[in-house]
Amino acid sequence: MARLIVMGGGVAGHTTATFAKKWLGNDHEVVVVTPNANWNWIPSNIWVGVGQMKKEDVVFPLAPVYKKAGIDYRQAKAVSIHPEGKEGSDKQFITIEYTGQGKEGQTEELEYDYLVNATGPKLNFDATPGLGDGNGQIGANTVSVCTADHAVHANSELRRIFEKAKTEKQKILVGTGHGMCTCQGAAFEYIFNIEHEARKAGVRDNLEFKWISNEAFLGDFGMGGLHMKVGGYVVSSKLFAESLYAERGVDWILGAHVNKVEEGKVHYEQLDGTMGEEEFDFAMLIPPFAGVGLKAYAKDGSDITDTIFAANGFMKVDADYTPKPYEEWKASDWPRKYQNPTYSNMFAAGIAFAPPHLISKPAKSPNGTPINPTPPRTGMPSGIIGKAVAHSVCDMIKNGENAHIHEISMAEMGAACVASAGKGVFDGTAAAMTVYPVVPDFEKYPGTGRDTDYTFGEIGLAGHWIKHILHYLFIYKAKLKPGWTLIPE
Amino acid sequence: MIQPLKRYPDESINVNSGPVRSFKDSYKDMVQDLIDTATEHNLEALSAVQIGYPYALFILKEDDGSYKAYANARIINQKEPFNSSEKCSYFFDIPITVKRFASLSIIYDDENGDMQTLKIEDKDKAAKFQRMVDFVFNTSLLDRLKPEQRDQAVKALAGKGHMPDLESCFCPTSSKKDYFISVIDKLLFFMFISLWLPLFNISKETLSGWYTYDKIATVSIIILLIGFFFYAQYEAKKYKQCTSCQIGNQIGIMIKRLVALIPFAIASYFIVNPN
């Protein structure tokens with residue numbers, strides 16, 4: 001009996017573990033190690049953050065689902081990987097520290113035959129002074145919608161602002177809290193959902209909205225922009241976004257690296273070297289992502305973290321990490337198997353794998369500060385990669401180490417994204433976008449690097465309905481209810 | 001080499017231009033083609049997509065008459081909006097008025113691929129720069145117009161009508177004809193108040209004064225309604241796309257005031273009139 005350990009229970013980890021268990025059956029063991037008691041459908045957190053959903057609507061307990069599936073669930077955080085075993089034992093293992101199940105604080109060694117790193121990101125609030133509390137958690141100056149609990153807190157703060165706005169002017173600032181952030185889409189959704197709710201609450205006139213982002217142009221969305229179909233015309237996402245922001249009365253600051261956050265004020269540097277300050281009464285700034293800080297040790301106890309992980313803490317896989325200038329970046333630099341090059345029984349899925357380089361053109365301010373979106377690897381790509389990794393591991397378990405490894409490159413993969421701009425059965429709106437491929441392939445598609453027929457977006461009420469349907473659909477799938485395998489990633 | 005210019009309605013310019021990644025020979029050839037073509041047609045600015053190269057590149061004529069290339073340009077800050085009347089070879093140099101910003105802070109890559117920053121404070125140059133950045137992002141002058149204006153412009157380009165004018169095409173957010181209605185409503189309000197005065201112990205002289213007010217107000221409201229009607233007709237001609245300027249709306253507004261005025265005036269004659 002082989003044992004697969006999946007570190008992480010988010011979109012990628014949950015997908016890997018559940019499919020692997022389904023395909024492996026009871027002949028082999030699947031263990032999930034995640035510090036969280038609940039699974040969270042993160043895309044709907046923005047609706048929790050504006051009070052349109054409750055926390056219970058976007059999370060569910062993992063334990064009963066894993067029990068039903070026959071997956072060994074450990075509510076614990078992975079601390080270290082020992083891919084060569086230890087003195088006196090060749091058996092690979094990881095060390096974990098429990099965060100629940102009545103064993104809080106206890107550590108344990110878990111041996112494995114195959115390991116999938118799907119830990120997701122560390123929300124690196126402390127990368128920006130004042131954004132974090134100095135202990136890795138969000139500070140008191142801003143709110144976040146990255147987790148369901150964050151979103152609940154964000155909504156309570158937002159209600160306080162709405163109450164104040166009944167009698168006095170208030171300023172809302174939403175965007176990215178660092179020059180190297182990803183997930184601009186979540187911030188985009190949040191600012192327009194707040195604006196939508198403010199109108200419904202009758203306080204819109206007393207609210208000033210400002211968008212601050214590391215994107216070099218509105219509508220970049222961290223992927224270099226796309227076409228949008230609006231009112232029968234095909235326009236660029238830049239024009240679409242500029243029109244939307246103007247129509248909804250949202251001003252913007254672009255190419256910005258937030259370098260300090262204080263109570264009621266952010267300091268930022270822009271790509272043109274401009275230094276600025278922006279005051280706020282309510283701010284939601286997305287933090288940059290980093291690896292979760294896993295350590296790795298050789299058999300003799302020496303630290304081999306640098307061998308397994310890149311400098312940003314994400315796991316090295318079969319990508320080409322050779323430093324090279326932007327003009328030499330190729331689609332083939334991106335990984336296809338998500339297999340660690342040193343230890344072939346280790347994989348990384350979702351955000352946890354180290355990308356070879358950025359997707360957007362790298363940019364620095366005249367002061368040398370890098371300001372550009374980092375590659376998005378959330379949502380659909382995470383699920384697809386997680387499933388491919390599950391396939392590979394299952395084949396290796398069943399057919400031996402030389403079994404066929406399933407391949408799926410982000411340079412050959414499309415992705416869909418539905419960005420809400422306001423929730424409501426009849427007055428909701430959302431921008432539905434598809435991108436193909438996620439990573440531009442400039443050799444195959446000269447110019448933008450993308451197939452423009454499949455890189456497309458449209459905004460409207462139907463988009464909102466789709467987003468709402470997806471909310472129920474993916475939670476249904478994650479709960480492993482009948483027919484869950486038929487629902488695509 | 002001089003390249004053929006794309007002209008409306010050639011839709012091959014409707015592509016998102018890709019980033020310029022290499023600044024080697026092919027880039028230099030592309031810049032030279034842009035310069036040759038712009039020189040041939042005596043153009044102030046020209047984007048790569050206008051001659052069939054889908055790259056984020058354009059040239060602008062500088063003060064000394066030479067052309068300068070801007071690759072991967074982005075507008076980081078923009079201030080001081082104004083209405084800019086612009087011509088573009090793609091639209092056969094027909095002037096179109098669009099909203100632009102007079103002050104820009106930009107980034108771009110120079111001929112070596114090194115990122116540079118630049119502040120533009122000159123209105124004319126800023127407008128040209130924004131027009132070129134629009135081309136890079138699959139946005140023509142027409143896309144900067146509102147839907148009604150755009151439809152009108154498309155007809156004009158087909159030789160059926162005139163180009164829209166930002167100042168004249170749209171229903172304004174506030175109209176001078178509204179002043180007529182505002183004054184009428186205030187006069188009606190005080191007429192309504194006057195109807196309640198006989199209920200209080202008010203002298204005959206005071207009531208007489210209020211009755212005089214009611215008579216003057218009645219005549220004034222009728223005159224103002226007539227004035228409103230004719231001024232509204234004038235605005236309806238000025239703002240061609242204005243739905244609230246339609247004659248049905250104007251008549252409705254007038255009827256509503258008349259419905260209030262007539263009973264107020266009759267009631268005033270019987271209630272407020274001290275004689």
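Helix H4 (residues 177-194) of chain B packs against helix H6 (residues 247-272) of chain B at an angle of about 30°, and their axes are 10 Å apart. Angles under 35 degrees count as roughly parallel, so H4(B) and H6(B) are roughly parallel to each other. The model is predicted.

**The H4-H6 pair in chain B**

- H4(B) passes H6(B) in a left-handed crossing.
- H4(B) contributes Ile181(B), Ile184(B), Leu188(B), Met191(B), Phe192(B) and Ser194(B) to the contact.
- H6(B) meets them with Ile253(B), Arg257(B), Ala260(B), Leu261(B), Phe264(B), Ser268(B) and Val272(B).
- By class, the residues of this contact are 10 nonpolar, 2 polar and 1 charged.

**The H1-H9 pair in chain A**

- In chain A, helix H1 (residues 11-24) and helix H9 (residues 380-399) cross at roughly 35°, and their axes come within 8 Å.
- The crossing of H1(A) and H9(A) is right-handed.
- Residues of H1(A) in the contact include Val11(A), Ala12(A), Phe19(A), Trp23(A) and Leu24(A).
- On the H9(A) side, the contact residues include Ile385(A), Lys387(A), Val389(A), Val393(A) and Ile397(A).
- The contact of H1(A) with H9(A) has 12 nonpolar, 6 polar and 1 charged residues.

**Chain A as a whole**

- Chain A has 10 helices and 24 strands.
- Its C-alpha trace spans about 70 × 50 × 45 Å along the principal axes.
- Of the 489 residues of chain A, 54% count as buried.
- Take the contacts in chain A between residues at least 6 apart in sequence: 66% of them join residues at least 24 apart.

**Where chain B touches chain A**

- In this contact, 23 residues of chain B meet 28 residues of chain A.
- On the side of chain B, the elements that give two or more residues are strand S3 (67-86), strand S4 (96-109) and strand S5 (115-120).
- S3(B) gives the largest share of that side, 4 residues.
- The side of chain B that touches chain A has 9 nonpolar, 11 polar and 3 charged residues.

**Asp110 in chain B**

- Asp110(B) lies in the loop between S4 and S5 of chain B.
- Asp110(B) has 13 other C-beta atoms within 10 Å, so it is partly exposed.
- Asp110(B) and Ala156(B) are 46 residues apart along the chain, and their C-alpha atoms are separated by 38 Å.

**Cis peptide bonds**

- The peptide bond from Tyr436(A) to Pro437(A) is cis, with omega near -15°.
- Pro437(A) sits in the loop between strand S23 (429-435) and strand S24 (456-460) of chain A.
- Tyr8(B) and Pro9(B) are also joined by a cis peptide bond, with omega about 5°.
- Pro9(B) is in the segment before helix H1 (25-40) of chain B.

- Gln101(A) is not a glycine, yet its phi is positive, near 60°.
- Gln101(A) lies in the loop between strand S6 (93-98) and strand S7 (107-111) of chain A.
- With 13 other C-beta atoms within 10 Å, Gln101(A) is partly exposed.
- Cys183(A) is not a glycine either, and has a positive phi of about 65°.
- Cys183(A) lies in the loop between strand S10 (170-176) and helix H6 (184-201) of chain A.
- Cys183(A) has 25 other C-beta atoms within 10 Å, so it is buried.

Definitions and conventions:
Residues are numbered from 1 along each chain as its sequence is written. Chains are lettered from A and ligands numbered from 1 in the order in which they are written. This is a predicted model: local features need pLDDT of at least 70, side-chain atom pairs count only at pLDDT 80 or more; totals for chains, interfaces and linings use all residues. Axes are lines fitted to C-alpha atoms, for helices over the stretch in contact, and angles run from 0 to 180 degrees between N-to-C directions. Angles under 35 degrees count as roughly parallel, over 145 as roughly antiparallel, 65 to 115 as roughly perpendicular and the rest as oblique. A crossing is left-handed if the near helix is turned anticlockwise from the far one by less than a right angle, and right-handed if clockwise. Two residues are in contact if their C-beta atoms, placed from the backbone, lie within 7 Å. Ala, Val, Leu, Ile, Met, Phe, Trp, Tyr, Cys and Pro count as nonpolar, Asp, Glu, Lys and Arg as charged, and the others, Gly among them, as polar. A residue is buried if 20 or more other C-beta atoms lie within 10 Å of its own, exposed if 12 or fewer, and partly exposed in between; C-beta atoms are placed from the backbone.
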